[in-house]
Amino acid sequence: MPSRSLIVLPDDAAKPILDAIAGAKKSLRIKMFVFSDPALLDAVIAAHGRGVRTQVMLNPERRSGEEDNEVTRKKLAKAGVTVKDSNPAVDLTHEKSMVVDDATAFVKSLNWATKNLTETRDYAVVTDHKHEVAEIVECFEADWERGKFSPGAEARLIWCPINGRDRIAEFIDGAKHTLFVQNERYQDAVILERLVRAAERGVKVHVMARPPHSLKKEKLVEGVGGLRILDDVGIKIHKLKGLKLHGKMLLADGVVAIVGSINLAPGSFDSRRELAIEVRDDDVVDRLHQIARRDWENSHPLDLSDEGLLADLEDREEGAAEALAIPGGKKKKKSKGKKDKGKKIKKAARKTGAKKAAKKKKKAKKK
């Protein structure tokens with residue numbers, strides 16, 4: 001009977017993923033945004049070495065131009081593993097997936113980086129549902145061959161830039177009592193509107209986010225703006241203690257959830273390859289509910305007041321206060337000016353004192 005299961009990071013560590021790679025008999029298809037963990041790299045190379053047909057597709061670079069995967073790409077190629085850049089038809093491939101033997105698929109929020117296995121809250125759903133696995137394989141092959149992927153209106157999974165915004169908006173609209181959301185970014189106007197409407201119809205919305213200083217500078221204004229809109233309508237916004245939030249998860253009424261790679265931002269919905277899965281399996285949803293509640297208890301409110309933002313962004317983002325139009329945001333620069341002025345006065349005083357001492361010494365010699 002088809003089933004789905006859940007992996008929670010860092011609780012479960014890399015073992016379920018390593019076990020799946022070790023158990024592969026025929027084929028491995030891996031699509032990854034960042035792939036750098038040594039243990040996973042060794043496991044993939046070992047699978048290739050024992051005759052498993054192994055294909056690895058890697059995002060070539062971030063928006064910043066940073067190439068996270070270059071070292072891994074070289075090691076895979078040296079070992080004889082077939083590796084390609086992801087499809088240039090999309091701006092960036094943020095999907096994190098793996099298919100083993102065309103029978104089992106992993107839909108993940110986590111990169112294959114050591115920090116995502118040990119330091120961040122992340123998730124993966126493992127499915128052996130035939131149609132879901134086939135859909136992931138179809139997309140992989142389309143991207144591998146630089147073809148077009150069109151799963152149609154009957155798509156079972158959630159894909160960007162295809163149906164992601166519509167499916168997540170519909171999911172939020174269906175919440176009746178509670179909604180837990182964990183995401184790094186809250187920037188998409190349509191999704192923000194849906195969360196506001198959910199709160200207005202009485203749904204208890206719990207938003208887990210990362211602190212503003214973790215946002216990239218060019219995304220600071222819309223990122224903080226989105227969180228403040230939610231805060232203004234009374235939605236509770238917290239940040240996680242002890243772990244960094246990287247997972248992308250929505251849980252409605254304790255009965256249905258979405259897990260995957262999709263950030264709630266226009267770029268993710270409109271121009272990136274992203275993948276998520278909606279699940280109703282009792283075991284998966286119950287565990288997600290336990291984790292969501294535990295994380296909420298192990299978190300504290302995010303202070304989005306002007307004072308709170310200034311404290312969070314201090315010494316981290318130059319010009320952030322001005323960009324966010326926070327009154328009094330230039331005070332720090334003034335105080336710095338006063339400090340510099342004070343240093344100049346002290347320096348001048350030292351020079352004056354030195355001159356006076358020299359004059360006294362000269363007079364003493366004459367006498």
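With which residue does K31 form a salt bridge? In this predicted model, in which local features need pLDDT of at least 70, side-chain atom pairs count only at pLDDT 80 or more, and totals for chains, interfaces and linings use all residues, the partner of K31 is E95, with the closest N and O atoms 2.9 Å apart. A salt bridge is taken as a side-chain nitrogen of Lys or Arg within 4 Å of a carboxyl oxygen of Asp or Glu. K31 lies in strand β2 (residues 27–32) and E95 in the loop between β5 (92–93) and β6 (97–100), so the pair ties together parts that are 64 residues apart in sequence. Both K31 and E95 are buried (under 20% relative accessible area, with exposed over 50% and partly exposed in between; 1.4 Å probe, protein chains only). Residues are numbered from 1 along each chain as its sequence is written, and side-chain values use heavy atoms, with hydrogens and water left out.

Across the whole structure, 24 salt bridges are found. One of them joins the side chains of D281 and R4 at 2.9 Å, N to O; D281 is in the loop between β16 (272–279) and α10 (282–297), R4 is in strand β1 (residues 4–9), and 277 residues separate them. Helices (H or I, at least four residues) and strands (E, at least two) are DSSP runs, numbered from the N terminus.

In helix α3 (residues 70–78), the buried residues are T72, R73 and L76. Viewed down the axis of α3, these residues fall within an arc of 100 degrees, so they line one face of the helix; the arc is that of the directions from the helix axis to the C-beta atoms. V71, K74 and K78 are exposed on the other side of α3.
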